[in-house]
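The structure comes first, and the notes follow by topic.

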Amino acid sequence: MTQVLSTLNKNAADKISRLAIASSTAALAYWGYLVLVRHNKRDKQAQRQQATTTKTKEKGGDNEDDDGLRHQVVFVDRAAERKKQKRRPDMSVTLRHLTIILRSVMTYREVALCCGVTLGLILRTLLDLWNIQISTRVESAIITANTQQLKHTLISFAITTPTLAFVNNIIKFFADKLSLRIRYNLSRILYDKYMTGLTFYHLSQQSDFQNVDQLLTADVDKFASSIVEVYSNVSKPILDIVLLVHRMSSSYTGGNTPAIMIGWLAFVGSILTQARRPLAGYIIRETQCEGQLRFVHSRLIQNNEEIAFFKGNQKEKHTLMSALDTLQEALEDLILFKFKIGFMDNIVGRYSSTVVGYLALAMPFFSARYAESSSEERLNQYYVSGRMMMKLAESITRVILAGQDLSKLSAYTQRVKSLMDSMDSLSQSSSGHGNSSGVVETSKSKEFATSNTDANGASGAIVEICDKNNPMIDFKNVTLSTPNGDILVKNLTFTIKPKQSVIIAGPNGSGKSSLFRVLGNLWKVESGKLVRPPTEQLFYICQKPYMTLGTLRNQIIFPDTRSKLNDEQLVDILNIVELKYLLDRGEHSLDSIQDWQDVLSGGEKQRMALARLIYHKPLFAILDECTSAVAIDVEQRIYKYLCESLGCTLLSVTHRVKQLAKFHHLILEFDGCGSFEFKRLTAPI
């Protein structure tokens with residue numbers, strides 16, 4: 001009977017072995033399919049999609065189904081993204097960038113928190129070694145039926161449980177505090193750079209930073225969490241390895257066993273590090289697609305009324321679904337890569353490390369070290385050293401698998417560092433004399449001027465601040481062009497003195513708004529000479545004024561944070577622009593906090609912007625269709641006050657030329673073909 005059972009067990013073991021070999025072969029084959037076949041399939045699919053998009057554009061795209069419309073909106077150049085992923089980030093560059101960032105955010109408080117995490121990790125490692133001994137003694141007491149030893153050991157363990165719980169949670173507490181401090185400090189630094197000068201404006205004009213909100217919020221949070229996670233996940237296993245190697249070398253297995261494991265760690269780590277390097281590119285692509293989807297949502301919310309009027313929900317649905325499809329594809333690629341690299345991690349890093357660990361552990365027991373030991377002694381030594389060996393193998397595996405966390409950290413570091421570099425570049429371009437457009441500003445009153453020349457030595461542009469005793473706006477042979485290089489007007493020449501208000505007219509795209517952007521120092525001057533008033537003497541009001549968060553008083557005094565006038569004077573300003581009824585109705589006061597962007601109508605927001613103009617009393621004011629939603633009679637009264645009582649020189653863009661001609665002296669007219677005419681205005685037109 002015993003022989004029969006032995007034969008059955010042997011046959012069952014053989015079948016299980018064959019099944020395991022077949023399963024492993026199938027798993028390797030499927031992994032190879034994902035690595036090779038699926039990758040080629042995706043490339044061919046992308047090529048077909050690109051060819052289909054080209055044909056659709058050539059035909060005009062009149063008759064298309066939903067899927068065709070959906071894929072017309074391209075958010076990510078997939079071919080370019082794959083090329084970027086092939087240019088894998090260098091770990092040395094990542095470490096250098098990480099060092100620069102940490103130097104700027106780490107203060108004594110963060111260093112203290114970091115030391116607290118380190119101390120907690122050391123205590124937990126020592127407690128882990130103590131737990132190994134406790135577990136061995138418990139098992140020994142059970143096997144030998146030693147009730148006294150079992151009772152004493154369990155009581156000792158129960159007494160130390162509060163210490164174990166405290167150490168585990170204090171590590172998490174310090175780690176969370178450290179992550180919060182890093183995020184807070186980094187956010188303050190980035191916000192300071194972002195809101196310095198016109199950096200926020202110029203950064204939003206760059207195609208690489210269309211989703212700055214994603215970078216400044218979600219990516220900074222992920223960076224802070226990732227760096228603390230990497231520190232905890234790497235430092236704890238390293239501490240375990242150091243202490244375990246020292247303990248095993250001095251007391252149990254000698255130095256060969258730990259040396260074999262450390263060598264295996266170096267070998268496997270080098271292989272997996274190379275294999276994981278594309279992970280950073282996949283994570284960068286994922287964050288970009290996430291930001292793009294948020295951007296599409298924000299545009300939909302911001303323009304929902306206009307979209308509703310045009311019944312454009314289907315078109316916006318296609319845009320939204322296209323962004324979602326792009327994100328889905330990016331996440332599918334990331335999940336697929338994680339599966340492939342996880343498969344390799346488990347085989348090479350985890351299970352192979354276990355096999356090597358058993359072999360390394362067995363070597364001392366087959367050597368002369370334990371040749372004269374009894375079976376009981378060998379068993380006891382094996383229990384202790386075996387548990388330490390398994391702990392060492394686990395720690396080595398965690399170090400190897402921590403490469404995924406390092407790849408994530410590398411991606412977030414690259415995103416944050418590129419944002420900081422762009423902000424610094426924009427800030428440096430606006431340094432010196434404070435011109436954000438990169439053109440040198442000089443003061444005319446100091447009787448010197450510096451020109452900006454190009455690489456060929458050709459004369460560039462000169463921007464001067466006018467003399468306070470002789471305020472003016474003076475254009476001499478100035479070329480107006482867009483940031484893309486499209487020339488709108490050449491040799492623009494005119495002069496505006498105080499009390500010489502000007503109407504600016506012309507078709508759309510002729511250069512009216514570009515003129516204001518140059519005057520406002522948002523766009524650079526390509527050539528010629530510009531003399532303009534200082535920033536505090538030039539005020540701009542657009543057609544859709546911005547309402548800041550805060551009280552009604554904040555709307556009037558924006559961008560000031562404290563009012564230069566008392567409440568009675570602010571009420572008088574509201575009365576001038578005929579908004580005093582906001583207070584008379586009793587619903588609001590100067591201290592009322594509302595979402596004024598939604599509370600006020602279009603005409604009320606335009607009059608609130610005019611109230612700001614009256615509050616600041618500038619010498620020159622740019623009015624860009626800022627009364628289009630205001631009644632004509634109210635518009636007339638406000639313009640009369642601005643010209644006669646306030647003494648402000650107006651540069652007005654308006655379609656009501658006949659109604660407003662009596663408040664202006666000159667007209668600057670663009671023809672939309674690059675020419676202009678500057679002449680005296682004869683009222684009425």
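A salt bridge is a side-chain nitrogen of Lys or Arg within 4 Å of a carboxyl oxygen of Asp or Glu. By this rule the count comes to 19 salt bridges. This is a predicted model, in which local features need pLDDT of at least 70 and side-chain atom pairs count only at pLDDT 80 or more, while totals for chains, interfaces and linings use all residues. Residues are numbered from 1 along each chain as its sequence is written, and side-chain values use heavy atoms, with hydrogens and water left out.

**Sheet**

- Helices (H or I, at least four residues) and strands (E, at least two) are DSSP runs, numbered from the N terminus.
- Two strands pair if DSSP finds at least two bridges between them.
- An open sheet of 6 strands has mixed pairing and the order 7-10-11-5-12-13.
- Strand 7 and strand 13 (676-680) are the edge strands, each pairing on one side only.
- On average, neighbouring strands of this sheet are turned by 15° against each other, direction ignored; the axes are lines fitted to C-alpha atoms, and angles run from 0 to 180 degrees between N-to-C directions.

- Strand 10 (residues 620-624) is mostly covered, with 5 of its 5 residues buried; buried means under 20% relative accessible area, exposed over 50%, and partly exposed in between (1.4 Å probe, protein chains only).
- Phe620, Ile622 and Asp624 are buried on one side of strand 10, and Ala621 and Leu623 are buried on the other.
- Strand 7 (residues 538-541) runs parallel to strand 10 and is joined to it by 4 bridges; Ile541 stands opposite Leu623 of strand 10.
- Strand 11 (residues 649-653) also runs parallel to strand 10, with 5 bridges between the two.
- Across these two strands, Ala621 has Leu650 as its bridge partner, and Ile622 stands opposite Leu651.
- A right-handed β-α-β unit is made by strand 10, helix 21 (residues 632-645) and strand 11; right-handed here means that, with the strands pointing away from the viewer, the path from the first strand over the helix to the second runs clockwise.

**Salt bridges**

- Arg637 pairs with Glu578, their closest N and O atoms being 2.6 Å apart.
- Arg637 is partly exposed at 42% relative accessible area, and Glu578 is partly exposed at 25%.
- Arg637 also forms a salt bridge with Asp633, with 3.7 Å between the closest N and O atoms.
- Asp633 and Arg637 are 4 residues apart in helix 21, about one turn of the helix; Asp633 is partly exposed at 42% relative accessibility.
- Lys580 and Asp584 meet through their side chains in a salt bridge of 2.9 Å, N to O.
- Lys580 counts as partly exposed at 28% relative accessibility, whereas Asp584 is exposed at 53%.

**Nonpolar surface patch**

- Leu119, Ile122, Leu123 and Leu126 make a nonpolar surface patch of about 330 Å².
- Patches are made of residues with over 30% relative accessible area and no salt bridge, with like charges joined within 9 Å and nonpolar side chains (Val, Leu, Ile, Met, Phe, Trp, Tyr) within 5 Å.
- Ile122 is placed in helix 6 (residues 108-143) and is partly exposed, at 32% relative accessible area.

Technical notes
Accessible areas come from the Shrake-Rupley method with a 1.4 Å probe; for residues, only the protein chains shown count as cover.
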